[in-house]
Amino acid sequence: MSGKAELSINFLVVGGGIAGLSCAIALRRVGHHVVVLEQYSDSDISKMSHGGIRLPPNVSKVLFHWGLERALRKVSLTSSAMEIEIYETGEFIGTHHWKEEVLRVTGGDFLFLHHAGLRQVLYDAAIAAGAEVLAGTTVVSVNGDGPRVTLSTGETLLADVIVGADGRSSIVQQAIVGNDVLDAAPYQSLFYNTTVPGALMRADPELAPFFEQPVETMFIWLGNNRSAVAFRIGGKDEFALHLWVPPRQKGLSDDDCWGGGLDLKEMRRQLGECEPRLLKMTKLAATPSRVQVKKVPPIKDWVDKHGRMVIIGEAAHPLPAGSLQGGAMAVEDAAVFARLFSHLRDREQISTFLHAFQDLREDRCASVVHTEHCNLYFQMMPAGPQQEQRDQEMRAKTAQGESVFGGGEASEQWEQLKELWGYDAEDEADDWWVKWGLLRERAKQRSLDMEAEMNIARLSCLGMRS
Ligand SMILES: Cc1cc2nc3c(=O)[nH]c(=O)nc-3n(C[C@H](O)[C@H](O)[C@H](O)COP(=O)(O)OP(=O)(O)OC[C@H]3O[C@@H](n4cnc5c(N)ncnc54)[C@H](O)[C@@H]3O)c2cc1C
C-alpha cells in the first residue's frame, strides 16, 4: 500500500539526527519535498559520535524495507546472544540466545554499529532520495503560524509543515509545550558513552576472550546502582562501552551533551567497585561523552495549535540515555509519519494526519519508554533482597542449562518480544488509513455531495418560482 502522495508539500525538518534523516528518507519515498536543518557541520557531527548503538529487529526491518540492508550490513554486526555478569565481581550469571525463529517472526535482525556509521548510512540515503540537508544551520525559533523557522543568521524559512526532530532539548517541543520538559525533570543517574580499540583489547589476555565468542554477544554487567553494557561494533575494530552510574557528588555540574568529549579519568572515578575487566576497558577507552538519565513524564501535545508543526523522535518521547530502543523509536516514528502523508491529496488533511501520527505513536512510545526504565532498574537494582532474588533465579536457570530469560514460544517474554519487535510501523499507519482515514474522507465526500444536492435543489426551487 505504498506509493506517492497525490499532493506534494514542503517539509522543514529541524535536526539532522537519526529521527530527522529517517524522516527525510521516508517522506522523499512518498514524494514530498524535504529540507533538513542541522546545527552542526558534517565533520563536527561525526566527531561528536562517541559510541555504539544497538538496532533491534523492529527497526532493522524498517531500514531493510527502505533498501538500506546492504549499506547497514557493511557497518554493523548481527548479534544473537547476550551474556550476564555481576558488575562488582565479574561472576558469570548466564546467557540468553535469540532463537532463529524469534528473529524470523519479527522480520529483522539485531544489529550493533557505531552511531556515526548509522548516521552516515541515513545521511547518504536521504541525499540519494533527493532531500536537502543544510548542515551548520541553527534554528533559533519556530512558529506554527506560517509555519516558519528563524535561523541564527536571522533568515526566515517557510514550509507547509515543520517537523521537530531536534532531540532531547528540542526548541520545537518548547514552542509547542511552552516550557523545556527535559530541563524541568530531575536526573537519577549518568550515562557514559565510549569505545575501546579492538587491537588493545585483543592484546590483553583477560580482554581477548570478548573477541572469541562463537556468536556476536552483548555483555551486560548488573551492579549495585551501576551497570555496564559492551558489544563489538561493525565497520570498525572497536568495542562499544555504555556505563550507567549515580550522579556525581553535590556541587559538581553534570551538564550533559551527547557530543561533548570528557576527561577519561572522570569516567574511571565514577566506576565505583567493579570487576577487573571493566576497569581495564575503561583505562583503554577513547574520549567518552556524558548524558543525564531522566524520567520525563509523557508529553501531552506533539502537535501545535495551528496543526502545522509536530515533534518526533527524542523530542516527542525522551528515552533513558543509552536505551536499546532509542534509535528504533525515532525510525518507527519516521516510518509511520511518512506513511500517513503518502495519502495526502488536500491541504486540509495536514492537521488530521499530524494528530493521527500522535494518536498512533504515543501509546507505543510510552510503553517502550516505560519498559526501558524498567530494564535499566533491573540492570542497576540496589543491593538487597530483590537483587539477591533476581540473581538467584538466573543462577538457577543457568544451572539447569536454561537461558536466563526463558524465551520458549509459550513464555511471557516471548509474548512481550513479539509485541515489541514484531511491531510493523508502516502496517500501523496503513491500518489507521483503512479504519479511520478513508472513513473520514468518505464522510467528507458525502457531506460535500449532500451540500451540492441541496444547492441544486435550492436552485431548481428558485427556477420554479421565477
Ligand atoms: C551527537 C550525538 C551522538 C550520539 N551518540 C549516541 C551513541 O553513541 N549511542 C546511542 O545509543 N545514542 C547516541 N545518541 C542519541 C541517539 O541519536 C538518540 O537517542 C536517538 O537515536 C533518537 O534520535 P533523535 O534524532 O530523536 O535525536 P538526536 O540524535 O539527539 O538528534 C537531534 C539532532 O538535532 C540537532 N539539533 C538540535 N537542535 C537544533 C537546532 N536548534 N537547529 C538545528 N539542529 C538542531 C542536533 O544537533 C542533532 O543532530 C547521540 C545523539 C547525538 C546528537
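How far from an oxygen atom of the ligand does a polar side-chain atom of histidine 115 lie? The distance is 2.8 Å. The views below come from a predicted model.

View 1. For glutamate 38, a polar side-chain atom lies 2.6 Å from an oxygen atom of the ligand. Glutamate 314 also places a polar side-chain atom 2.6 Å from a ligand oxygen. On its own the ligand has 920 Å² of accessible area, and the protein covers 93% of it.

**View 2. The shell of residues around the ligand.** There are 28 residues around the ligand, and those that come nearest are Ala19, Glu38, His115, Asn193 and Glu314. By class, the shell consists of 14 polar, eleven nonpolar and three charged residues. At least two shell residues come from each of α1 (18-29), β2 (33-38), β3 (52-55) and α12 (326-341). The largest share, three residues, is supplied by α12.

View 3. The bond that joins glycine 146 to proline 147 is cis, and its omega is near -25°. Proline 147 sits in the loop that runs between β9 (139-143) and β10 (148-151).

**View 4. Asparagine 225 and its positive phi.** Asparagine 225 is a residue other than glycine, yet its phi is positive, near 65°. The loop between β14 (217-222) and β15 (227-233) holds asparagine 225. Asparagine 225 counts as partly exposed because its relative accessibility is 35%, which falls between the cut-offs of 20% for buried and 50% for exposed.

Notes: Residues are numbered from 1 along each chain as its sequence is written. This is a predicted model: local features need pLDDT of at least 70, side-chain atom pairs count only at pLDDT 80 or more; totals for chains, interfaces and linings use all residues. Side-chain values use heavy atoms; hydrogens and water are left out. Helices (H or I, at least four residues) and strands (E, at least two) are DSSP runs, numbered from the N terminus. Buried means under 20% relative accessible area, exposed over 50%, partly exposed in between (1.4 Å probe, protein chains only). A residue is near a molecule or strand if one of its heavy atoms lies within 4 Å of it. A polar contact is a pair of N or O atoms within 3.5 Å; within protein, one must be able to donate a hydrogen and the other to accept it, and residues adjacent in sequence count only if both atoms are side-chain atoms. Accessible areas come from the Shrake-Rupley method with a 1.4 Å probe; for residues, only the protein chains shown count as cover. Ala, Val, Leu, Ile, Met, Phe, Trp, Tyr, Cys and Pro count as nonpolar, Asp, Glu, Lys and Arg as charged, and the others, Gly among them, as polar.
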